[in-house]
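Dear colleague,

I am handing over the structure below, followed by notes on what was found in it. Please read the notes with the model open beside them.

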Amino acid sequence: MQNQKDKIIFHIDVNSAFLSWEAVEQLQHGSETDLRTIPSVVGGDEQSRRGVVLARSTPAKAFGICTGEPLFQARKKCPQLTVVPARHELYEKYSAELFKFLEDYSPSVSKFSIDECFLDYTGMENLFGEPVQVAYALKDKIHKELGYTVNIGISTNRLLAKMAGELTKPDKVHSLWPEEIPTKMWPLPIRELFMAGRSSVGVLQTLRIKTIGDLANSDLKLIEGRLKKQGRMLWHYANGIEEPAIQTRDREIKGISNSCTTPQDVTDLETAQKYLLDLTENVAYRLRQQKLFCSNISVGLKDCNFRTYSHQRQLNKPTDITLDIYNTVKILFQEMWKGEPLRLFEVRVSDLSSSPSSQLSLFEPENDEKLRNLDHIIDTIRQKNGQDSILRASLLLNKPK
DNA sequence: TCTGGGGTCCTAGGACCC
DNA sequence: TCTGGGGTCCTAGGACCC
């Protein structure tokens, strides 16, 4: 059992979140079938080449269908597969509802992703009871009241709670107290360790490290020599030491991006710029919603051979003006593009601050003020009538510079 | 791989400064 | 300059997560 002074952390993870939420939503709207009981997946749009599996039902899993795999491949494994298009706004709604629900159990609930969070249960035993029993009750209450299942992992830090939550699924509660590490975590293949991705696992395998236990009991200096900071982190994680700490989404935002895989490869400048303007508008709008300014702009491309590359530029003066950002985006794109067919465009802004450069803003050029007013008008129309209510493209493109 | 979209963090090299 | 070392900033690319 845990020490008196130790923390108690729950990791709560919605099982096949997008699919579960789709199933609940469809049942509420009179559907006869529960997506969770048939081979089904939530996926992108196949025709526009966005066809990958985002979430799968348990029967779909039985066919060997994996998340992230192309829909085409999934259909080969299971021809009768039901494919549901993704509805991200809906999932945001369900996500918010769950986190609100959890706040009854602790004042400290930290969002890790749309369907995962950490709940700090430390000091709540006197109110609700012993953690494992409470976790079971909580899991069943979510099922009964919200309509879907979750996994709950419990331990003394976020890392171990998360590893506990992954042990077996779905609809399970697992503890992974420090003294249970050798029996519950060390036998697992190294791939199962949080933050051990393909590249690190490849290096570790050359060192004959196959399980999490192998890594935990290896020489830290050796691992660090091969994998630098990443190696040091993985070695600590394998030993159940959360060093560095796992960060959640409650910190300030570092960057805003939007990307788009095109239905067909793009080979002409005009079409490319249309996509880039669209992405820029989305990013700039979100930037202004957050009342932020960016000092770095980056454009990323993926060509038809899946080669990815990017260019970025530091600005002299932070901005939130769509046209400012777009002008830099155009330059960055032209620096990179040699005419190769492109399948993906990305616009990203970073180096964010909450005010435009302090002194300069007092003497803001008249033109900036006009552009900012234009952005404001368009943002207002969009908020009232929806994102597609106004075609900014023509406005911007025709606007004399 | 017929391979999405939104993030964070790290590394390495070059420019520039003292 | 055929020159050392340390620091900071910028840029490109990659690893990893859900």
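Helix H9 (198–206) and strand E11 (308–319) each supply at least two residues of the surface near DNA strand C, where helices (H or I, at least four residues) and strands (E, at least two) are DSSP runs numbered from the N terminus, and a residue is near a molecule or strand if its C-beta atom, placed from the backbone, lies within 6 Å of it. E11 provides the largest share of that surface, seven residues. DNA strand C is surrounded by 17 residues, of which Ser113, Gly197, Ser199, Ser200 and Gln314 are the closest. By class, this surface has four nonpolar, nine polar and four charged residues, with Ala, Val, Leu, Ile, Met, Phe, Trp, Tyr, Cys and Pro counted as nonpolar, Asp, Glu, Lys and Arg as charged, and the others, Gly among them, as polar.

Please bear in mind that this is a predicted model, in which local features need pLDDT of at least 70 and side-chain atom pairs count only at pLDDT 80 or more, while totals for chains, interfaces and linings use all residues. Residues are numbered from 1 along each chain as its sequence is written, and chains are lettered from A and ligands numbered from 1 in the order in which they are written.

Around DNA strand B there are 23 residues, and those that come nearest are Lys228, Lys229, Lys254, Gly255 and Thr261. The elements giving two or more residues to this surface are H11 and strand E9 (255–266), and E9 gives the most, with seven residues. The surface near DNA strand B divides by class into nine nonpolar, eight polar and six charged residues.

As for the chain as a whole, chain A has 15 helices and twelve strands, and its C-alpha atoms fill a box of roughly 70 × 55 × 45 Å, taken along the principal axes. Of the 401 residues in chain A, 32% are buried, a residue being buried if 20 or more other C-beta atoms lie within 10 Å of its own, exposed if 12 or fewer, and partly exposed in between, with C-beta atoms placed from the backbone.

Leaving aside neighbours within four places in sequence, valine 41 is in contact (C-beta atoms, placed from the backbone, within 7 Å) with residues including Leu19, Val53, Ile65 and Val83.

Leucine 159 lies in helix H7 (residues 158–165) and is buried, with 25 other C-beta atoms within 10 Å. Not counting residues up to four places away in sequence, leucine 159 touches Phe194, Tyr237, Gly240, Glu242 and Ile246.

Among contacts in chain A between residues at least 6 apart in sequence, 59% join residues at least 24 apart.

With regards

Conventions:
Contact = placed C-beta atoms within 7 Å.
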